[in-house]
Every structure is written in structure tokens, then in C-alpha cells.
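Q: Could you take me on a close look at the packing inside this protein? I'd like to follow one part and see what sits around it.

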Amino acid sequence: MPRLVILTGAGLSAESGLRTFRDQNGLWENHSIDTVCNGHTWRANFPLVQAFYNARRTQLATALPNAAHRQIAAWQARYDTVLLTQNVDDLLERAGCRDVVHLHGFLPEMTCAACGHLWNIGYAEWPEGAACPRCRSVRDARPHIVFFNEPAPQYDRLWETFAELTSRDVVVVIGTSGVVLPVTSMAAQFQGYKILNNLEPEPAVDGNVFERVFYLPATKAAPEIDAVVREQLG
Ligand SMILES: [Zn+2]
């Protein structure tokens, strides 16, 4: 059975009100994003890092899935699908998606750098001085987010998925700048049918390696992509 592989980025959730850092010139309340998402400095900036992700969780509580999230859930119900996302929000899950591979972590979760424990706090703020529920360490409890300069364990799943693709499969890439993931070379190595949707052309993504390109907001592109996917996969 042919597979549908979906790879999404921040552009998918932008219309749900979750702004991308680039929309804000890479700044959060005048702090560089590199200060609050950095594997080398998160311990040194501990209160700021927690405050930043507390704000992200609070914002996520009020965001709603959009039509593009729901379209992906519909594809998942119809086809043999692998769903890979760079997004740390839970809007795909709330739209009805399952088995979402979060390549860069998951905002509702905390993890412990000391004991490896992983736990869900929903949309709650992480209180100052709170401890890991397993080992009681206060200084090791951190958001379950892959920071800059840190390995992304779920990338194994991504490389495996792309390595196993056949020419009958379809890849849909939605809302990614190609700055973090080498989307162009990944797509170029795959002989099947490739669809790209970004709001506008991105310097790091070569639209020429895709069979179809939609430069539209994700919710506007979703029904058009659906028509193409149906042509390809039935
Ligand atoms: Zn712990």
C-alpha cells in the first residue's frame, strides 16, 4: 500500500495564532531566541527559559486547531500515513491526529535532565522551585523541547521514513522554512510524488524539486492539496 508522509513546520500552526519566531525578528520580549532555546546555555538562563516556555504553554491553551490540522487528520484516517512535525504544539492531536512524531519535542511535557523522567503538565506554568516528580531535582526539570545545539532523537524516525520511501509514495511538506531541516535535499532524493506548501517561497527550499507547489496559507492550500493527494493515492 502506498504511503503518505507528511512533514510539517511552524507555518501549519501560524493561522491558529501561534506565531513563528521569525515573525518576531527572532525575539521574545527583547531576548534573543538563542538565549531561551539553547542547549549550551539553558542552565545559565534557567528562570528565563522556564518563563519563555510557560508563556508558550499559556498561549497554546487558547489556540485552536485549524482546517489544515483537520485535513491532516482526515488523510490519516484514509491512508497509511507517517506524520512528522517540527511543531511542539498539540494542535495536530487536538484535530484528531494520532501517532504524531514530534521531532523537536512537545510543549505540554517536561523532562528531567538528571533522571530522564518525562511527564505531562498540560498548559500549566512550571512553578519556580518545583522539583522533578521522580528524583526531586529542582535544577534539572526542563521543558521537553529540543533546544539549539542539542541532538534530536526523533530524527532517526525521520531518516528511516525517508529511506524507506518508494516511488509510489507521496510526500507533503507544509509550512517549513527549510532552515533547520534540509527539506530540499530530502525531497530531491525521493522519486515519488512531492507536494510543497509554504506561505511564500523560502530561500532554503527549492520548489523545483516538488511536483506541485502551493504558496498559500496552509488552510487555503489544504483542499487543493487534498485534491492532488486523492489523484495520487485514490
Ligand atoms: Zn528527575
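A: Let's start at Ile 72: leaving aside neighbours within four places in sequence, Ile 72 is in contact (heavy atoms within 4.5 Å) with Ile 6, Thr 8, Leu 12, Leu 83, Leu 92, Cys 97 and Ile 174. This is a predicted model, where local features need pLDDT of at least 70, side-chain atom pairs count only at pLDDT 80 or more, and totals for chains, interfaces and linings use all residues. Residues are numbered from 1 along each chain as its sequence is written, and side-chain values use heavy atoms, leaving out hydrogens and water.

Now step back to the nonpolar core, a set of buried Ala, Val, Leu, Ile, Met, Phe, Trp, Tyr and Cys residues joined through side-chain atoms within 4.5 Å. Buried means under 20% relative accessible area, exposed over 50%, and partly exposed in between, with a 1.4 Å probe and protein chains only. The largest such core has 25 residues, and Ile 72 is listed with Leu 4, Trp 75, Val 172, Ile 195, Ile 225 and Val 229 as having the most contacts inside it. Two or more residues each come from strand E1 (3-8), helix H4 (67-78), strand E9 (170-174), strand E10 (193-198) and helix H8 (218-233). Helix H8 gives the most to this core, 7 residues. Here helices (H or I, at least four residues) and strands (E, at least two) are DSSP runs, numbered from the N terminus.
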